[in-house]
Amino acid sequence: AMPLLSDEKWQHIQHLFPPPPARPHGGRRRVDCRRVLTGILFVPRTGIPWDALPRARGCGSGMTFWRCLRDWQQLGVWQHLLEFFLAELQRTDRLADGRLATDSSLVAAKKGRGDRTNPCDRGKPGSKHLICTDEQG
């Protein structure tokens, strides 16, 4: 099976991820950023819940991966990845930016889990998912 994240792609983007924090008093070792990113990509690709990530395939705790997703969002990692890949597509003339399609959806927070609101959608509780693609997908 083709890996979700090739060695070549990882070599190009690994500098965009935060270094592991210092562990002066020991403690549990952090999960490798590449493994975390692979797990994060695996969830939407397969539609499985976070807690069902397959540990046998090298995934750790789904909650650990979800926390990294959240932390990387706060650190701006996802924005840097987007900018990197857009620049790469423009540099190689593979972005047909004259013909882009965008779509979004709001996933409502149910059963009292809406303590956080989404600033992208007028403060409604939940998560906003956005996608943008060119004519090549």
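In the predicted model, α3 and helix α4 (residues 77–91) pack at an angle of about 70 degrees, and their axes lie 5 Å apart. Because angles of 65 to 115 degrees count as roughly perpendicular, α3 and α4 are therefore roughly perpendicular to each other. On the α3 side the contact is made by Leu69, Trp72, Gln73 and Leu75, which meet Val77, Trp78 and His80 in α4. The residues of this contact divide into 5 nonpolar and 2 polar, with no charged residue.

Helix α3 also packs against α2, here at an angle of about 100 degrees with the axes 9 Å apart. The helices α2 and α3 are therefore roughly perpendicular to each other as well. In this contact, Cys33, Arg35, Val36, Leu37, Gly39 and Ile40 of α2 meet Phe65, Cys68, Leu69 and Trp72 of α3. By class, the contact of α2 with α3 comprises 8 nonpolar residues, 1 polar residue and 1 charged residue.

Cys33 is in no disulfide, and the nearest cysteine sulfur, that of Cys68, is 6.9 Å away. Since a disulfide requires cysteine sulfur atoms within 2.5 Å, the 6.9 Å between the sulfur of Cys68 and the closest cysteine sulfur, in Cys33, is too far for a bond.

The helices α2 and α3 also contribute to a pocket. The second largest pocket has a volume of about 550 Å³. It is lined by 21 residues, of which Arg30, Val31, Val36, Thr64 and Cys68 are the closest to its centre. The elements that give two or more residues to this lining are α2 (33–46) and α3 (62–75). The most is given by α3, with 6 residues. By class, the lining of the second largest pocket consists of 10 nonpolar, 3 polar and 8 charged residues.

Notes: Residues numbered from 1 in each chain as written. Predicted model: local features only at pLDDT ≥ 70, side-chain atom pairs only at ≥ 80, totals over all residues. Heavy atoms only, no water. 1 Å grid on protein atoms, 1.4 Å probe; cavity = no way out; pocket = protein on both sides within 12 Å on 5 of 7 lines; lining within 4 Å. Points joined across faces, edges and corners; volume = space filled by probe spheres on them. Helix = DSSP H or I, 4+ residues; strand = E, 2+ residues; numbered from the N terminus. Nonpolar A, V, L, I, M, F, W, Y, C, P; charged D, E, K, R; others polar. Axes fitted to C-alpha atoms, helices over the stretch in contact; angles between N-to-C directions. Parallel < 35°, antiparallel > 145°, perpendicular 65-115°, else oblique. Contact = heavy atoms within 4.5 Å.
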